[in-house]
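Colleague: I have the model open and would like to go through a few spots with you. Could you start with the terms you will be using?

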Amino acid sequence: MQHVQTAMTRLRDLAASEPVATLAAAFADAGHDLALVGGPVRDAFLGKPVTDLDFTTDALPDQIIEIVRPIASAHWDIGREFGTIGARIHGEQVEVTTYRADVYDGKSRKPVVSFGDSLAGDLHRRDFTVNALALALPQLELVDPTGGFDDLLNGVLRTPIDAEVSFGNDPLRMMRALRFTSQLGFHLDGDAFSAVVDLAPRIHNISLERVRDELVKLLLTDSPRAGIELFVETGLAELVLPELPALQLERDDAHQHKDVYEHSIKVLENAIALEGERGRDADLQLRLAALLHDIGKPATRQFVAGGRVTFHGHDWKGARMARKRLDKLRFDNDTIKAVSRLVELHMRLYNYEQAGWTDSAVRRFARDAGPQLEQLLLLIRADITTRNRRKMDRLQFAIDDLENRLAQLREQEELDAIRPDLDGDEIMRILNLKPSRAVGEARNYLLELRLDEGPLGPEEAERRLRAWWHERGEA
């Protein structure tokens, strides 16, 4: 009860704030209803920060504009066809949407937009009961026609109407269900779970970009495990990201290899924990790489003599698979390049741990990782999940030592921007060349010297370049 009183106090304080109070008074003076709806009301009861200010009203879009124009420093109607008008009031951005009573044709998730005439009707068409709560203004009346308040208290994610109808109307809601289980820490209602399983193939009716966006939101939650597990259990992953359920390799007691799927989720959780420890913001590229770093294992698994299982080349295979899948899901090129590179390089620590590296090898590691160096070091740390304490200590020592070596070389050299001591223009001047393949070959020669020996300086670099050119018989 105390929790409820606290939430209502927060809502009253929000309603009394200058932007909300001004908006509520304007709609009341115009003779129209207004209610704060959805996420802000839900988050107030959950004790979370209220960020978005979404309202619903019986006023039509043109009427909304007439009401907000005198009190707003700016307003826009980019969502007018869906009944939504945006405005900035006393520095706060708000969105006001006309009650909706949409009709779906069963073929597309895009409804035939129809404006409704009641708040209760509008709330019944929303995705989940916990998002179908409203605070009528200015009277401060909680409106809950679908039982969302009880579901909040019980931590249940349930649809306001029959789940099969709701998900059939808009299949993207199935992906949203996964995200909300992680974002809110709720469990999915049994009927809703069954509906997702039955209707999973309808996710193909949704654009890949929209599906990708929901997957991204899930991965960026503080604790995505629950949503990822539902993603796989409901069959949605098989249709959207089939490489993930493929990681559920059969357990083989004789070979004693671990479940790669469970390991991958653990690596993701480790990466998120490391973000927190290092004070880093949520990093989508790192999280994608953590989840996908071993997707090449099913295709490279081999059982060998002595009761062992190997996955030789799974890093290279996984990088190609990650690139292909992320491209299909319409990720941007920078993300595709970064994630595939992290997957490709995530095994490098084991070479270091086994033999140690020269300064040249450490420079090459930094060169190969490029702008993903810090992400790669975090991924390598996150990938240490062994329960063998001696092995864990050995690997942790190796990564600590590698980071120290990188730090030392960074102090001595321009490690973050490894390049030859001479640029292309200087090479062409010294060797009297025009732009050509030979210039690139000369640059590569100098880069290899830089990696092997560190900075040479321009005079020594020129001497070595001329000697190399002479040995080629070009001088």
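Modeller: Buried means under 20% relative accessible area, exposed over 50% and partly exposed in between, with a 1.4 Å probe and protein chains only. This is a predicted model, in which local features need pLDDT of at least 70 and side-chain atom pairs count only at pLDDT 80 or more, while totals for chains, interfaces and linings use all residues. Residues are numbered from 1 along each chain as its sequence is written, and side-chain values use heavy atoms, with hydrogens and water left out.

Colleague: Okay, F45 and F149: buried or exposed?

Modeller: Both F45 and F149 are buried. Rings of Phe, Tyr and Trp (its six-membered ring) pair if their centres lie within 6.5 Å, and planes under 30 degrees apart count as stacked, over 60 as edge-to-face and the rest as tilted. By this rule there are 3 aromatic pairs. In one of them the ring centres of F45 and F149 are 5.4 Å apart with the planes at 70°, so the pair is edge-to-face.

Colleague: And where do F45 and F149 lie?

Modeller: F45 is in helix α3 (residues 39–46) and F149 in helix α6 (residues 148–154), so the pair ties together parts that are 104 residues apart in sequence. Helices here are DSSP runs of H or I with at least four residues, strands are runs of E with at least two, and both are numbered from the N terminus.

Colleague: Which residues cluster with F128?

Modeller: F128 forms one aromatic cluster with F167 and F180. The rings of F128 and F180 have their centres 5.9 Å apart and their planes at 80°, so that pair is edge-to-face. Both F128 and F180 are buried.

Colleague: Switching to β6, which way do its side chains point?

Modeller: In strand β6 (residues 134–137), A134 and A136 point one way and L135 and L137 the other way, and all are buried. In a regular strand the side chains alternate between the two faces of the sheet.

Colleague: What does β6 pair with?

Modeller: Two strands pair if DSSP finds at least two bridges between them. Strand β1 (residues 34–37) pairs with β6 in the antiparallel sense over 4 bridges, and L34 has L137 as its bridge partner. Strand β7 (residues 141–143) is joined to β6 by 3 bridges, also antiparallel, with L142 opposite L135.

Colleague: Last one, which residues of α22 are buried?

Modeller: In helix α22 (residues 424–431), I427, M428, I430 and L431 are buried, whereas D425 and R429, on the other side, are exposed.
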